[in-house]
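Biologist: I would like to learn how to read salt bridges in a model. Please take me through the general idea and then the case here.

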Amino acid sequence: MTNLKFNVVDLVELQLVENVISARSAEIERIKNNEELVSAEKEFTEVKGKFNRINGKYNDLESERKRLEDTVEIQNEKIKNEENKLFSGTITSAKELENYQSEVKILRQKNSEMEDQILEIMINMEEMSKRVELSKVEKDKAETNINRIKNEMNEKIEVLKNIIEGLEKRRDDVILKIPDDYLKKYKELRGKKGGIAVAVLKDNFCNVCNMQIPVVAAEKMEDIDEIYSCPICGRMAVIYRDEIDSIKKELES
Ligand SMILES: [Zn+2]
């Protein structure tokens, strides 16, 4: 590492790259805290609940209809058997005959009532089916909306992750060019001073603390290849040169 010539701008570049990484990471967090998604999910829960209730009622009616139809069918089978017996001529007792006839009558009566019930259920179901359908459309729409928001979110996050990946590669390359003791100082200051360890001095102003460097101190800061310390905020300070703006512009694009 020490065989590489150390350019003080590398230190500034490291800071600028890490600033952009932080900003992009914060952007990802903001995208994840999507209020639109929260309200879309809330709406979906509501319309899904509504659909489940209506659809549940509809299915209950359908089960009841089926149960009644099965019962009618079984009873019809019974009626047929009773009638076969009645017409077979094997029944000789008048009392037995009367019993069979009365049983058939009861069964027919029951079936007639059940068929009325079935009809009523079918009318109800017919009326409900439109509501079930509308409710399903509403539910599907809410679900589609969630998926759209999630897809858009993921696309944006994916783009940012790729950018960050590129920046991390660049950061690793820059780090290799910086001598260990400066890197150590950089990390230390970064931890202590809100993530910003390197300042740029332009027209005797520190671009981080925004303070003017006192004249006596400023007069000693004239070597652009030197790393100074801002007398006010204590960060490592490098004198401005155009190259720094070029790196900034490049990182912003
Ligand atoms: Zn400063």
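**Reading the salt bridges**

Modeller: Glu-18, Arg-171, Asp-172 and Arg-190 are joined in a network of salt bridges. This is a predicted model, in which local features need pLDDT of at least 70 and side-chain atom pairs count only at pLDDT 80 or more, while totals for chains, interfaces and linings use all residues. Residues are numbered from 1 along each chain as its sequence is written, and side-chain values use heavy atoms, with hydrogens and water left out.

Biologist: What is a salt bridge?

Modeller: Side chains of opposite charge can pair when their charged atoms come close. A salt bridge is a side-chain nitrogen of Lys or Arg within 4 Å of a carboxyl oxygen of Asp or Glu. The structure holds 21 salt bridges.

Biologist: Which residue forms a salt bridge with Asp-10?

Modeller: Lys-177 does, with the closest N and O atoms 3.9 Å apart. The pair links distant parts of the chain, 167 residues apart: Asp-10 is in helix H1 (residues 8–32) and Lys-177 in helix H3 (residues 94–177). Helices here are DSSP runs (H or I, at least four residues), numbered from the N terminus.

Biologist: Is Asp-10 buried or exposed?

Modeller: Buried means under 20% relative accessible area, exposed over 50%, partly exposed in between (1.4 Å probe, protein chains only). Asp-10 has 6% and is buried, whereas Lys-177, at 33%, is partly exposed.

Biologist: Where do Arg-65 and Glu-62 lie?

Modeller: Both are in helix H2, three residues apart, about one turn of the helix. Arg-65 is buried at 16%, and Glu-62 is partly exposed at 27%.

Methods:
Helices (H or I, at least four residues) and strands (E, at least two) are DSSP runs, numbered from the N terminus.
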